[in-house]
Structure formats: structure tokens, C-alpha cells
Amino acid sequence: MLSKSASCAMNQHDRRLGRHISDPVRAQNRKAIVDCLRRHQAAARIEIAKHVGISPATVTVITSELIEDGVIREEIATADRNGSSRGRPRTRLELNPEAGFAVGIKISMHQASISLTNLSGEILGAKIVPMRANRDAPERIAEICMTQIREVIDDAGIDPELVLGVGIGVPGYVEYPSGMVRWAPVFSRPDVPFREIVEQKAGFRTFIDNDANMTALAEKWFGVGRQFPTFLVVTVEHGIGMGLVVDEKLYRGARGFGAEFGHTKIVVGGALCRCGQRGCIEAYASDYAIAREANVLGSTTDIDDPFALQDRMEHLIKLSDEGSPAVTSIFKRAGTMLGTGIANLVDVLDPPVVVLSGARSRSAKAFFTALTDAMESNTLLGAQTKVDLRVNSGGDEVWAHGAAALVLEETLI
Ligand SMILES: [Zn+2]
């Protein structure tokens with residue numbers, strides 16, 4: 001039997017998670033208000049009603065409930081926007097950042113990046129753990145991650161009871177509703193029920209998704225999404241990925257596999273991809289594809305060794321930027337392939353902005369020039385539809401931050 005204090009703590013935790021709410025409309029309104037405050041940081045009730053599109057009376061009822069649950073709080077603003085202290089103070093509402101915490105993890109071929117955030121999405125702790133992901137069993141990878149998560153939570157002095165969940169970004173085909181990883185280069189076998197494995201080991205609610213979707217969520221909450229309700233992110237690293245946000249919602253498709261751009265075909269019957277098929281964009285534009293092509297020049301880099309691959313890529317980028325014609329031509333071809341693929345996306349989706357994300361978006365100059373040229377020359381209306389292309393060359397910490405944002409999106413209603 002639970003002690004009285006444990007029972008009270010659990011009730012409060014459950015209330016914060018909105019588990020006492022059975023009316024779906026009320027739950028949806030609650031989530032919309034929390035999301036609005038995360039996006040705008042602080043807002044008066046009347047502004048929330050305008051942003052969310054619900055009546056001021058409903059906002060008053062739901063915000064009272066959220067205040068009672070400790071999820072949001074009142075902030076008294078005594079100055080107006082011009083800094084003047086004259087006039088009636090406006091009562092604005094803001095998230096209570098300490099009401100809950102989220103852990104995000106990005107699993108790469110060579111490391112796992114962990115990020116701990118509060119309810120507002122501020123990073124309170126982070127860790128990078130080197131690993132050779134595809135050489136360890138998924139169960140072992142889960143164990144390594146869980147040990148590190150506990151350390152990050154301990155170091156930040158957070159009560160584990162207040163951790164809302166763990167979000168994990170994995171490259172490959174992830175069936176979001178079931179948490180099943182159908183195929184991922186970081187796992188040594190297909191059909192891994194990774195969410196179940198992690199939940200058993202960690203005891204936290206767990207969400208697992210394609211890692212490029214996590215960069216899209218990071219952009220949605222902390223980047224271009226604050227300005228654009230619709231945008232797409234193309235990720236460049238060991239593989240090529242994509243995340244699509246439409247009207248502030250991440251698009252996953254019917255089965256949760258959606259927006260898998262890296263394995264769309266750019267050359268019929270072309271180069272062999274690590275997914276086992278041929279002619280995928282990734283087989284031309286990713287790290288391993290560029291290093292594989294460079295091996296033809298005489299090097300013997302093991303492209304399956306993530307650490308050797310990383311060193312090799314840095315060296316190749318340097319050679320290209322210094323003017324090596326053979327290496328530059330490899331980067332040019334890779335950039336042309338990816339730029340052509342992005343041009344196809346622009347013609348299909350007409351996004352107002354495209355973000356190129358991932359540490360490898362800081363590629364050779366020849367890669368980027370070829371990419372933008374190919375985008376312009378292959379979109380139907382060329383320069384007339386010139387897309388706003390932005391680069392976020394942050395490393396895996398951006399992806400882990402997005403994975404934590406997934407937990408905040410999914411749990412707090
Ligand atoms: Zn492929």
C-alpha cells in the first residue's frame with residue numbers, strides 16, 4: 001500500500017499529466033493552451049484565446065484548472081511594451097518550468113546524445129556517450145542510455161517522479177504508434193521493439209520516432225517554427241533524413257513511416273544503399289556514400305566504422321575546400337543529387353522555408369554550391385520559386401532537444 005505522501009505525489013503527477021481528463025475536447029484545449037504558452041513564453045488570457053481560437057470564457061476555465069494543477073502560473077507584468085510603468089498591469093500566464101521534465105536521446109552510429117529539459121524546453125543537463133551502435137545488441141544500447149539518463153537526472157537534482165518521459169530519435173524506419181523500429185542502421189537486427197525494451201529498463205513512459213522528425217520538432221519549438229507554421233527539414237549526416245511540419249503539426253503519414261526522404265530513388269538501379277535497395281538519395285549524398293566514392297581514389301576507409309568515417313569526412317572536406325579536383329567532384333555530385341531531391345520536394349510541397357540540418361550540413365563548399373544550384377535549376381519555376389533555405393549546423397544536441405520536445409508534446413495535456 002502506498003504511503004499518504006507517495007499517494008499525494010502520484011495524484012499530483014497524474015493531474016499534471018492530465019490523466020484525470022476524460023473529455024477529449026477539454027484535453028485538446030488544455031494541450032493547445034500549454035503549447036501556446038510554450039511557443040509565446042507568456043501571454044494574457046485574451047491573447048491565448050486569439051492564438052488558440054477558443055472562447056475567452058473557455059480559456060478562463062481551463063487556465064484556472066492548469067494553475068490549480070501547477071502546470072502554469074500567473075506573471076504580473078507591470079510595464080507595457082515600451083517599458084513604461086503607466087497604465088493598468090496586465091496579468092499574463094506562463095508555464096511553470098518546474099512542473100515537469102523531459103529526457104531526449106538521439107542515437108547515432110557513434111554516440112548517444114542525451115538532453116534533459118524542463119517544461120519550457122530549457123536544457124538543464126546534457127551528455128554525450130560514445131558507442132558503436134550497430135555492434136551492440138539493442139538491449140545493451142538501451143542499458144547504456146538508461147544508466148546515463150539516471151546520471152543526468154541525478155546531476156541536475158531532479159526528482160525522477162517529475163520526469164514525464166523519455167523521447168528517442170533513431171535513424172531509419174520507425175513505426176511511431178507501436179514504437180517498433182522496422183529497420184535502422186544503428187541496430188544489428190530488424191524489427192526491434194525498442195520502446196518496449198527501454199520502458200522495461202527505464203520505468204519512464206517512452207516515445208520513439210525517426211530522428212529527422214526530432215530535428216523538425218526542435219525547429220518547431222525552438223527554431224523556424226516560431227515564425228513558420230509549415231516548413232520542412234532535410235537532415236544530412238551518416239544518412240539523409242527529412243521531417244515535415246504542416247500547420248504546426250508533425251506529419252508522419254498513415255503508419256508513422258512518413259517523410260522518409262533519404263531512401264527515395266534518384267537514379268533507377270543506381271548505387272547500392274545500406275537499406276539494401278539501389279539508387280536512393282542517401283546512396284549518393286550521405287557521409288558513407290561520399291567516403292565510399294573517395295575510396296575509389298585509393299583510400300581504404302572502413303565506412304562501417306563510424307569513428308573512421310567521421311575522421312575521413314573531415315579530411316575529405318578539407319581536401320575539397322583546398323581545391324583537390326577529384327575530391328571536389330565527389331562533393332559536387334553529392335550536392336547535385338541532394339539538391340535535385342530537395343527540388344522535387346519543393347515542387348511537391350511548396351514549403352515557405354527549408355532547413356538543412358545536422359553537423360554535416362557544414363560540408364565542403366563545393367557540396368553546398370552544387371546543392372543550391374541543383375535546387376534552383378530543377379524546381380519547376382526555378383528562380384521564381386526560390387525557396388528560403390536555412391542551415392542549422394548544430395550537432396546531435398539539437399536532435400536530442402527535439403526528442404525531449406516530443407515528450408512535452410505527447411505527455412502534458
Ligand atoms: Zn536506401
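Reader: What share of the residues of the chain count as buried?

Author: This is a predicted model, in which local features need pLDDT of at least 70 and side-chain atom pairs count only at pLDDT 80 or more, while totals for chains, interfaces and linings use all residues. Residues are numbered from 1 along each chain as its sequence is written, and side-chain values use heavy atoms, with hydrogens and water left out. Buried means under 20% relative accessible area, with a 1.4 Å probe and protein chains only. Of the 413 residues, the buried share is 54%.

Reader: Between which domains does the largest pocket lie?

Author: A pocket is an open set of points on a 1 Å grid over the protein atoms alone, with protein on both sides within 12 Å along at least five of seven lines; lining residues have an atom within 4 Å of a point. The largest one has a volume of about 650 Å³, the volume being the space filled by probe spheres set on points joined across faces, edges and corners. Of its 19 lining residues, the closest to the centre are Lys31, Asp35, Lys220, Glu248 and Lys249. Because both give residues to the lining, the pocket lies between domain 1 (4-97) and domain 3 (228-393), with bounds from an automatic or database domain assignment.

Reader: Which helix gives the most to the lining of the largest pocket?

Author: Helices are DSSP runs of H or I with at least four residues, and strands are runs of E with at least two, numbered from the N terminus. Elements that each supply at least two lining residues include H3 (45-52), H7 (211-222) and H13 (396-411). With seven residues, the element that gives the most is H2.

Reader: How many residues of the lining of the largest pocket are charged?

Author: Asp, Glu, Lys and Arg count as charged; Ala, Val, Leu, Ile, Met, Phe, Trp, Tyr, Cys and Pro as nonpolar; and the others, Gly among them, as polar. The lining of the largest pocket has five nonpolar and three polar residues, and its charged residues number 11.

Reader: Which strand gives the most to the lining of the largest cavity?

Author: A cavity is a set of grid points where a 1.4 Å probe fits but cannot get out. The largest has a volume of about 140 Å³, and of its 18 lining residues the closest to the centre are Pro171, Gly172, Asp211, Ile240 and Glu282. H7 and a strand at 240-246 each supply at least two lining residues. With three residues, the element that gives the most is S12.

Note on methods
Buried means under 20% relative accessible area, exposed over 50%, partly exposed in between (1.4 Å probe, protein chains only).
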